[in-house]
Amino acid sequence: MMRDAAQFEPVDSRLTQPDFWQTLQSRWSSDDEETLVCCQVRQETHDVKSFFFRSPQGRTFSFEPGQFITLELEIDGETINRCYTISSSPTRPHTISITVKRVPGGKVSNWLHDNLQAGAPVRVLGPAGEFTCARHPARKYLFLSAGSGITPLMSMSRAHHELSEDRDIVFVHSARTPDDIIFSRELDLIASNQNQFRTAFVCERIGNRTNWHGVTGFLSLPLLKLIAPDFMEREIFTCGPAPYMQAVRDLLDEAGFERKHYHEESFSFERLTGSAPETDESAVAQATTETFEEAATFTVTFTKSHREITCGAQQHVLEAARQAGVRLPASCTQGMCGTCKVKLTSGEVEMKHNGGIRQREIDQGMVLLCCSKPLSDLVVEK
Ligand SMILES: Cc1cc2nc3c(=O)[nH]c(=O)nc-3n(C[C@H](O)[C@H](O)[C@H](O)COP(=O)(O)OP(=O)(O)OC[C@H]3O[C@@H](n4cnc5c(N)ncnc54)[C@H](O)[C@@H]3O)c2cc1C
Ligand code: FES
């Protein structure tokens with residue numbers, strides 16, 4: 001039967017050839033296009049939703065599986081930044097998704113769940129991050145995750161699946177109850193399509209289920225040996241709450257696992273933020289040879305809080321502010337997330353960032369205090 005030609009009219013005229021193919025060549029960068037549009041919201045579990053975004057200009061996304069983006073949101077008149085791992089696969093480049101778990105009392109996660117809907121614009125920075133299997137090719141992987149820490153490992157699993165790489169992957173995910181397992185159906189699907197992809201779920205308790213045949217309890221060394229007897233030969237990627245990752249590190253240490261094959265991502269940056277500032281070896285060498293620079297200090301004035309501090313020439317402004325008791329928003333402390341971005345109204349800094357600021361913002365006099373060292377006295381709008 002012949003169909004009426006009108007039935008085949010594309011719904012969206014922007015997607016007719018050749019425009020569609022042209023968009024494939026245009027890669028999204030938060031430098032060129034800072035606002036994405038939320039195009040779909042999916043309820044994953046009772047307290048987890050995935051939010052999908054597309055570029056209004058039809059640009060495609062390029063990232064490594066495991067990397068994150070930073071959302072810049074206006075909530076109650078305040079600009080708030082939060083990082084979320086891209087849970088989708090780079091092999092589906094027309095959209096990116098993040099998967100967010102409600103944190104009790106948490107400002108942004110609850111705001112996203114309650115307010116963000118399809119059609120809404122969102123300012124986004126990134127992608128950034130080094131937690132990716134793409135930089136650690138291996139024959140065999142072990143993915144260990146708990147709670148929302150599943151997202152980077154899901155992106156990696158999706159990527160391997162879509163590339164039809166039947167990579168030997170054991171994916172062990174821990175959750176509170178079977179109903180809290182995120183992406184369980186999709187993980188089952190991947191496992192059914194790939195001979196060498198195996199999943200194991202470890203639930204603290206059964207919850208409301210009556211038909212749970214998986215493991216209950218917590219991940220332990222004997223359990224890991226049962227699930228993946230060859231785990232010592234695998235490249236391990238771990239993501240989850242801090243106590244979970246500590247437990248994983250402890251059990252791997254007990255087994256004598258080589259740390260160079262172990263990679264982890266923290267969702268709180270707390271280990272980074274709480275740790276002593278990293279030693280910049282080149283800066284130390286420079287400081288020891290150049291006594292003037294070593295001794296030089298500058299004044300940093302915060303105009304809104306009316307505070308004035310002293311900052312060494314070899315010190316990051318954020319670190320000096322913290323030492324002086326000035327509280328400033330910061331998350332990664334590595335120039336990645338954009339949380340410590342401020343306007344520099346006077347003075348000059350040397351800034352070594354990792355993607356947490358756009359070139360346009362730098363041109364407008366914005367700086368990231370966590371990775372900026374003063375070259376003169378500074379006046380900061382904060
Ligand atoms: C690289 C990276 C990737 C991430 N990826 C994901 C992801 O894929 N999915 C995901 O769900 N999350 C992810 N996160 C975590 C995410 O960025 C947020 O930290 C998380 O959503 C909580 O933010 P929030 O604003 O809701 O909570 P916040 O408002 O930051 O609160 C966090 C906690 O602190 C408590 N709290 C807040 N204010 C106070 C106060 N004044 N006194 C005492 N307690 C307080 C809250 O009750 C809550 O328990 C990631 C984080 C990083 C760094
Ligand atoms: S704290 Fe993340 S960029 Fe400065």
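Mentor: We take a helix, then a ligand shell. This is a predicted model: local features need pLDDT of at least 70, side-chain atom pairs count only at pLDDT 80 or more, and totals for chains, interfaces and linings use all residues. Residues are numbered from 1 along each chain as its sequence is written, and chains are lettered from A and ligands numbered from 1 in the order in which they are written.

Trainee: Which residues of α6 are buried?

Mentor: An α-helix has 3.6 residues a turn, so residues three or four places apart point the same way. Buried means 20 or more other C-beta atoms within 10 Å of a residue's own, exposed 12 or fewer, partly exposed in between, with C-beta atoms placed from the backbone. In α6 the buried ones are M245, A247, V248 and L252. They cover an arc of only 155° around the axis (from directions to the C-beta atoms), which puts them on the same side of α6. The face turned away carries exposed residues, including Q246, D250 and E254.

Trainee: Which residues come nearest to ligand 1?

Mentor: A residue is near if its C-beta atom, placed from the backbone, lies within 6 Å. Of the 21 residues around ligand 1, the nearest are G105, G106, V108, S109 and T151. Elements giving two or more residues to this shell are β4 (78-85), β5 (96-101) and α2 (107-115).

Methods: Helix = DSSP H or I, 4+ residues; strand = E, 2+ residues; numbered from the N terminus.
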